[in-house]
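Work through the exercises below with the sequence and the structure in view. Each task is followed by a solution in steps.

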Amino acid sequence: LFIAAKFSIFNSQFSICRADSLDVRICAGYNLGGTSPLPLPATIRSIDAFRLTPSPMVGADITFPNLLPARIGVRLGLHLENKGMDIEATVKSYHMEMTKGSSQIGGLFTGHVSQQVTQWMLTMPINFEFRISNFEIKFGPYFSLLLKKEFSGIASDGYLRQGDPTG
């Protein structure tokens, strides 16, 4: 089971077309959030640092207000967004493969890891929207196509065991 959290701290939207049956918006924002398996794997003993990374988003949304009963509308969108993480953790028997040049080695690592991830994706949210006065409550799934990904990391202050973790 994975859980993803997303919180927009800056989300500027303006309508380019608005009618009783349709609302078209262009949006730009900055997302905060993260993804983690639940429960946290036992191999990750502690998260020592988590730093925010630039996570901009631009896109367009089409809202069909009051499409469903009880003032519930449907919002469809297409967004180009960046998601990433910069994290340091203490791990024990953490499966990893390391590459340096053309050499590669893998096994179970115990020690400190630092990881940086950047992902650019095209996302299509499908939200149900409930409006109360000037507030919107949105919920629903989203689907993303990964366009570009980068991963780098450092393993330090530990040891790597190949095969059986007891050596």
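This is a predicted model: local features need pLDDT of at least 70, side-chain atom pairs count only at pLDDT 80 or more; totals for chains, interfaces and linings use all residues.

**Exercise 1. Confidence along the chain**

Find the mean pLDDT of the chain, and state which element has the lowest mean pLDDT and which the highest.

Solution. 
- Step 1: Averaged over the chain, pLDDT is 82, and a value of 70 or more is reached by 83% of the residues.
- Step 2: Strand β1, residues 2–19, has the lowest mean among the elements, at 54, while β8 has the highest, at 91.
- Step 3: Over residues 1–5 pLDDT stays under 50. For these residues the model has 16 contacts beyond four places in sequence.

**Exercise 2. A buried pair**

Decide whether arginine 25 and aspartate 23 are buried or exposed, and say how their side chains meet.

Solution. 
- Step 1: A residue is buried when its relative accessible area is under 20%.
- Step 2: Arginine 25 has 7% relative accessibility, so it counts as buried.
- Step 3: Aspartate 23 has 2% relative accessibility and therefore counts as buried.
- Step 4: The two side chains form a salt bridge, with 2.9 Å from N to O.

**Exercise 3. The partners of arginine 75**

Which strands hold arginine 75 and aspartate 61, and which hold arginine 75 and glutamate 129?

Solution. 
- Step 1: Arginine 75 and aspartate 61 meet through their side chains in a salt bridge of 3.8 Å, N to O.
- Step 2: This pair links distant parts of the chain, with arginine 75 in strand β5 and aspartate 61 in strand β4 (residues 56–68), 14 residues apart. Both arginine 75 and aspartate 61 are buried.
- Step 3: Arginine 75 also has a salt bridge with glutamate 129, where the closest N and O atoms are 2.6 Å apart.
- Step 4: Because glutamate 129 lies in strand β6 and arginine 75 in strand β5, this pair ties together parts 54 residues apart in sequence. Glutamate 129 is buried as well.
- Step 5: The model has seven salt bridges by the rule applied. A network of salt bridges links Arg51, Asp86 and Glu88.

**Exercise 4. The nonpolar patch**

Which strands each supply at least two residues of the nonpolar patch?

Solution. 
- Step 1: The patch lies on the surface, and its residues include Val58, Leu78, Trp120, Met124, Phe143 and Leu145. Its residues together have about 810 Å² of accessible area.
- Step 2: The strands are β5 (72–100), β6 (103–132) and β8 (142–161).
- Step 3: Take leucine 145, which lies in strand β8. Its relative accessibility is 51%, so leucine 145 counts as exposed, the cut-off being over 50%.

Note on methods:
Residues are numbered from 1 along each chain as its sequence is written. Side-chain values use heavy atoms; hydrogens and water are left out. Patches are made of residues with over 30% relative accessible area and no salt bridge: like charges are joined within 9 Å, nonpolar side chains (Val, Leu, Ile, Met, Phe, Trp, Tyr) within 5 Å. Accessible areas come from the Shrake-Rupley method with a 1.4 Å probe; for residues, only the protein chains shown count as cover. A salt bridge is a side-chain nitrogen of Lys or Arg within 4 Å of a carboxyl oxygen of Asp or Glu. Helices (H or I, at least four residues) and strands (E, at least two) are DSSP runs, numbered from the N terminus. Buried means under 20% relative accessible area, exposed over 50%, partly exposed in between (1.4 Å probe, protein chains only). pLDDT is the predictor's confidence in each residue, from 0 to 100. Contact means heavy atoms within 4.5 Å.
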